[in-house]
Amino acid sequence: MASVDLRSILGTVSRPDLSDDDLAALSASFETAPPSRIIGWAVEEFGTRLSLTASMTDAVLIDLAVKEAPGIEVVFIDTGYHFPETLDTVERVRRRYGLNMRIMTVATQEPALWEADPETCCSAVKVGQLDRALADKDAWLSGLRRTEAPTRALAPIVARDLRGLVKVNPLATWTDLDVRGYIADHDVPTNPLLEQGYLSIGCMPCTRPVADGEDPRSGRWAGLDKTECGLHD
Ligand code: SF4
């Protein structure tokens, strides 16, 4: 793989004041880079002003990130609606890696808000907590991958999010096979719901298992015209 001279791409721009053009150039340069290199760049660039957000479907991104930055802050948003298996996975992963974990808990919501108005529920519960978690950060790592859904097919590896922060998707180019291979090779903890057909795991009321061949994210908000919670805007 050809090495990329980041200095030639970034010139003399002082970080973290990366322009959108800088980020687009970086993103393009990382298309063939392994996730460890992308994470390493983000760690070097942003230091402790970098967080990792985890859904706890699996711990692949965490396993890769702690090799670059053992003390990286890992954010998990406890919506109050998670499956018990997901909460168990949080604890297993925390113990396995000795994580610097920040769990964002949510004040009790109106009981049926998710049913009456899932957009408002996601916005208040998930996006609001992520905004809080990232308030003192410059950048964050996400496990988003292009093959997860058609709506993610063009996801960049590095870009600016709606908050103005730098969002880094080190696994953007990875296929399901890449993920499964990494899990097997590195004995990475996974959410047991994966074995029950939940290929994309979110809150219990809004997640169902999917059949073989179905879009993994079709089990999220099934039957609704909603495909994302807003975390990745
Ligand atoms: S996924 Fe469902 S329960 Fe979770 S925050 Fe969104 S609407 Fe609410």
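This is a predicted model: local features need pLDDT of at least 70, side-chain atom pairs count only at pLDDT 80 or more; totals for chains, interfaces and linings use all residues.

Colleague: Where is A42 found, and is A42 buried or exposed?

Modeller: A42 is in helix α3. Helices (H or I, at least four residues) and strands (E, at least two) are DSSP runs, numbered from the N terminus. A42 counts as buried because its relative accessibility is 0%. Buried means under 20% relative accessible area, exposed over 50%, and partly exposed in between, with a 1.4 Å probe and protein chains only.

Colleague: And how far apart are A42 and P170?

Modeller: In sequence, A42 and P170 are 128 residues apart; in space, C-alpha to C-alpha, 9.6 Å.

Colleague: Next, helices. At what angle do α3 and α4 pack?

Modeller: About 55°, with the axes of α3 (residues 35–46) and α4 (residues 60–68) 9 Å apart. Axes are lines fitted to C-alpha atoms, for helices over the stretch in contact, and angles run from 0 to 180 degrees between N-to-C directions. That angle makes α3 oblique to α4; angles under 35 degrees count as roughly parallel, over 145 as roughly antiparallel, 65 to 115 as roughly perpendicular and the rest as oblique.

Colleague: Which residues make the contact?

Modeller: From α3, P35, S36, I39, G40 and V43; from α4, L61, L64, A65 and E68.

Colleague: Now rings. How many aromatic pairs does a search of the whole structure find?

Modeller: Four. Rings of Phe, Tyr and Trp (its six-membered ring) pair if their centres lie within 6.5 Å; planes under 30 degrees apart count as stacked, over 60 as edge-to-face and the rest as tilted. One of the pairs is W41 with F46, edge-to-face at 5.7 Å centre to centre and 85° between the planes. Both W41 and F46 are buried.

Colleague: What about F83 and Y198?

Modeller: That pair is edge-to-face, 5.2 Å centre to centre with 70° between the planes. F83 lies in the loop between β2 (73–78) and α5 (84–97), and Y198 in the segment after α8 (176–186), 115 residues apart. F83 and Y198 are buried.

Colleague: Which residues do ring pairs link into a cluster?

Modeller: F30, W41 and F46.

Key: Residues are numbered from 1 along each chain as its sequence is written. Side-chain values use heavy atoms; hydrogens and water are left out. Contact means heavy atoms within 4.5 Å.
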